[in-house]
Amino acid sequence: MNPQFKKGVLELCALTLLCGGDRYGYELAELIRQKIAISEGTVYPMLKRLQSEGYFETYLRESPNGPARKYYRITTKGKDRQALLKAQWLEFSGQVESFFSEDI
Amino acid sequence: MNKNQFLNELYSYLGSLSNSEKADIMRDFDEHFREGASAGKTEEQICFELGSPLECAKQYVGEGVTVVNKVSRPAYPNPTNRPKSKYLWSLAFFLNLIEAIFSLPIAFSLFCVGTILVVLDFYLIPTVSFVPFTVLSVSLTLAVFLGSIIFLLLTAYVLKIMIKKINGEVRA
């Protein structure tokens, strides 16, 4: 898949996952990789970028088995971003799909 | 590849980032390995799923990753890169050294003259006013100090931009 395109989609996936509640990095990386073929290593730079843009906040919480985990919590700005990207995605994918169904 | 190899290689590519940023990134990946291990994965498997350390680093640093690690990617060495920035660093060092050699004695002597004038003014010769000279001396001292600091900051800034440019050119 085209890397630039994938980057935008991954952003939407991460934002969407976090809309459903706080998660830690490993969890996010696994959830995304199980559905989309990516290198999990690229998830962390993306999370860091989104955090620096103010879409997430992070905090540390003890894990049951060892040292603290870094959790990501979506901000209001992040939720707005998710809504925007989702709308754009639905519009775009709808437009592409129309090529499959119509006789042009 | 195992955990240490992955983390070492990743770290070696993060050259231009600040130490706190590097520490934060290494923390994230270290946590990932811990979580993977407690989910029953081997280090090799986790490395495989993470992908290449170079690709990860590129996402943090941009395309201008400086490859200085001899273990990795023999195809990428950029011999012009490191000597050039090294040369720039020594140039900056000498510029600042020269600046310091000149400005410190000047500042110090101005400071001494100022102190003497103040002493003369208040304690020894109360009839003659040295105030204008004192003010002049103090402000000159301040000017020399400020000048040094501005010079230092300016050199550091120009150097940073130049090194970034060189790195960018080499990688592009």
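Reader: How many residue pairs are in polar contact between chain B and chain A?
Author: In this predicted model, 13 residue pairs are in polar contact between chain B and chain A, counting pairs with both residues at pLDDT 80 or more.

Reader: Which elements of chain B give two or more residues to the side that touches chain A?
Author: They are helix 2 (19-38), helix 3 (43-50) and helix 4 (53-61) of chain B.

Reader: And which gives the largest share?
Author: Helix 2 of chain B does, with 11 residues.

Reader: What is that side of chain B like by class?
Author: The side of chain B that touches chain A has eight charged, six nonpolar and five polar residues.

Reader: How many residues are in contact on each chain?
Author: On chain B there are 19, and they are in contact with 22 residues of chain A.

Reader: What area is buried between the two chains?
Author: About 1,800 Å² is buried between chain B and chain A. Carbon and sulfur atoms give 52% of that area.

Reader: Turning to charges, how many salt bridges cross the interface?
Author: Six salt bridges are found across the interface of chain B and chain A. Over all chains the count comes to 18.

Reader: With which residue of chain B does A:Arg33 form a salt bridge?
Author: The partner is B:Glu49, and the closest N and O atoms of the pair are 3.2 Å apart. A:Arg33 also meets A:Glu30 in a salt bridge, at 3.3 Å from N to O.

Reader: Where do A:Arg33 and A:Glu30 lie?
Author: Both are in helix 2 (residues 25-35) of chain A. They are three residues apart, which is about one turn of the helix.

Reader: Why can such side chains pair?
Author: Opposite charges can pair when the charged atoms of the side chains come close.

Reader: A change of topic: which residues form the nonpolar patch on the surface?
Author: A:Phe5, A:Trp89, A:Leu90, A:Phe92, A:Val96, A:Phe99 and A:Phe100 form it. Together they have about 740 Å² of accessible area.

Reader: Which element gives the largest share of the patch?
Author: Helix 4 (residues 76-101) of chain A gives six residues, the largest share. A:Val96 has its place in that helix.

Technical notes: Residues numbered from 1 in each chain as written. Chains lettered and ligands numbered in written order. Predicted model: local features only at pLDDT ≥ 70, side-chain atom pairs only at ≥ 80, totals over all residues. Heavy atoms only, no water. Contact = heavy atoms within 4.5 Å. Buried area = accessible area lost by both parts, 1.4 Å probe. Salt bridge = Lys/Arg side-chain N within 4 Å of Asp/Glu carboxyl O. Polar contact = N/O pair within 3.5 Å; in protein donor to acceptor, adjacent residues only side chain to side chain. Helix = DSSP H or I, 4+ residues; strand = E, 2+ residues; numbered from the N terminus. Nonpolar A, V, L, I, M, F, W, Y, C, P; charged D, E, K, R; others polar. Patch = residues over 30% accessible without salt bridge, like charges linked within 9 Å, V, L, I, M, F, W, Y side chains within 5 Å. Areas by Shrake-Rupley, 256 points an atom, 1.4 Å probe, with all protein chains shown as cover.
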